[in-house]
Amino acid sequence: MRAGRFITFEGPEGGGKTTQAKRLIARLREAGRDVLYTREPGGTPTGEAIRDILQHNKAGEPICDEAEVFLFAASRAQLVRTVILPALARGTIVVCDRFADSTTAYQGYGRGFPVEQMLAINAFAVGEAVPDITLLLDVPIAIGFERIHARQQELFQDADRIEREARAFHDRVRAGYLELAQRWPERFRRVDATQAPDDVERAVWELVSGVLP
Ligand code: T5A
């Protein structure tokens with residue numbers, strides 16, 4: 001087994017991944033653990049530049065669906081080689097807000113590209129950086145979007161490119177995640193993300209405690 005541990009948060013929009021990833025980081029630090037928070041797309045200068053293209057159309061032209069797949073994969077490959085694997089080798093606990101399963105769920109199930117093809121691209125991008133545990137923060141799409149719209153109104157933000165996709169797209173993403181969780185039950189843990197943040201935090205902590213060195 002590797003020296004560190006690799007924990008990923010996944011799920012549809014508005015499930016509370018960022019909220020819970022940060023709470024988990026705080027708890028792990030309190031417990032005296034060496035931890036690192038990162039996110040996808042992003043987490044490196046290359047990844048953050050790709051994030052701007054993907055989320056906010058920085059390149060100024062529509063991105064075709066095939067290019068989207070490789071942009072996510074490129075961000076991930078860079079993050080894995082320059083941040084995640086070195087940290088795991090040092091014994092650090094790495095918490096990543098979205099990872100390869102997002103490509104399978106969004107570009108595979110959501111956009112309709114063959115799931116096995118997405119898995120092959122992911123495998124090339126991540127190498128040996130397979131998560132030890134993946135917390136699937138599962139929330140009905142309507143509830144997730146209610147939360148996101150409330151936050152956008154509060155912060156005067158616009159929806160990003162993928163948030164603007166049709167409801168049917170997001171339904172396929174959620175169903176895809178649930179299928180992935182059934183396919184890899186040893187790695188995935190589904191968490192009911194409709195609960196209050198403190199309850200979700202407790203559930204996450206219990207699950208993560210089981211994989212800590
Ligand atoms: N994508 C990403 C792909 O298509 N393919 C890929 O390979 C990858 C890696 C990333 C986008 O890119 C797509 C998926 C995404 O569309 P992002 O900005 O990182 O974009 O978006 P998300 O990861 O979806 O992040 P969100 O911020 O939209 O959702 P989170 O992180 O799930 O939710 P969070 O924690 O920010 O909370 C949202 C709001 O809900 C409240 C929070 O306070 C906040 O206001 N909240 C709760 N309210 C009530 N009860 C709870 N339990 C709550 N938890 C949080």
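**A walk through the pockets**

The largest pocket holds about 1100 Å³ of space. A pocket here is found on a 1 Å grid over the protein atoms alone: it is an open set of points with protein on both sides within 12 Å along at least five of seven lines, and its lining residues have an atom within 4 Å of a point. Grid points are joined across faces, edges and corners, and the volume is the space filled by probe spheres set on the points. Before going on, keep in mind that this is a predicted model, in which local features need pLDDT of at least 70 and side-chain atom pairs count only at pLDDT 80 or more, while totals for chains, interfaces and linings use all residues. Residues are numbered from 1 along each chain as its sequence is written, and side-chain values use heavy atoms, with hydrogens and water left out.

So who lines that space? There are 41 lining residues in the largest pocket, and Glu13, Thr18, Ile148, Arg151 and Glu163 are the closest to its centre. Helix 1, strand 2 (35–39), helix 2, helix 3, helix 4, helix 6 and helix 8 (197–209) each give two or more residues to this lining; helices (H or I, at least four residues) and strands (E, at least two) are DSSP runs numbered from the N terminus. By class, the lining splits into eleven nonpolar, 15 polar and 15 charged residues. For these classes, Ala, Val, Leu, Ile, Met, Phe, Trp, Tyr, Cys and Pro count as nonpolar, Asp, Glu, Lys and Arg as charged, and the others, Gly among them, as polar.

Now for the ligand. The space it takes is the largest pocket, where sitting in a pocket means that more than half of a molecule's atoms lie within 2 Å of the grid points. Helix 4 (100–110) gives the most to the shell around the ligand, with four residues. That shell divides into seven nonpolar, ten polar and nine charged residues. Among the 26 residues around the ligand, Glu13, Lys17, Thr19, Arg98 and Thr103 come nearest; to be near, a residue needs a heavy atom within 4 Å.

Which side chains reach oxygen atoms of the ligand? A polar side-chain atom of Thr19 lies 2.5 Å from one, and one of Thr18 lies 2.9 Å from an oxygen atom too. For Gln55 the distance is 3.2 Å. Taken alone, the ligand exposes 1000 Å², and the protein buries 84% of that (areas by the Shrake-Rupley method with a 1.4 Å probe).

The second largest pocket has about 260 Å³ of space. Of its 15 lining residues, Ala100, Asp101, Val126, Val130 and Arg187 are the closest to its centre. Helix 5 gives the most to this lining, with four residues. The classes here are nine nonpolar, three polar and three charged.

Finally, two backbone details. Most residues other than glycine have a negative phi, and most peptide bonds are trans. The peptide bond from Glu40 to Pro41 is cis, with omega near -10°, and Pro41 is in the loop between strand 2 and helix 2. Asn57 has a positive phi, near 55°, and belongs to the loop between helix 2 and helix 3.

Definitions and conventions
Polar contact = N/O pair within 3.5 Å; in protein donor to acceptor, adjacent residues only side chain to side chain. 1 Å grid on protein atoms, 1.4 Å probe; cavity = no way out; pocket = protein on both sides within 12 Å on 5 of 7 lines; lining within 4 Å.
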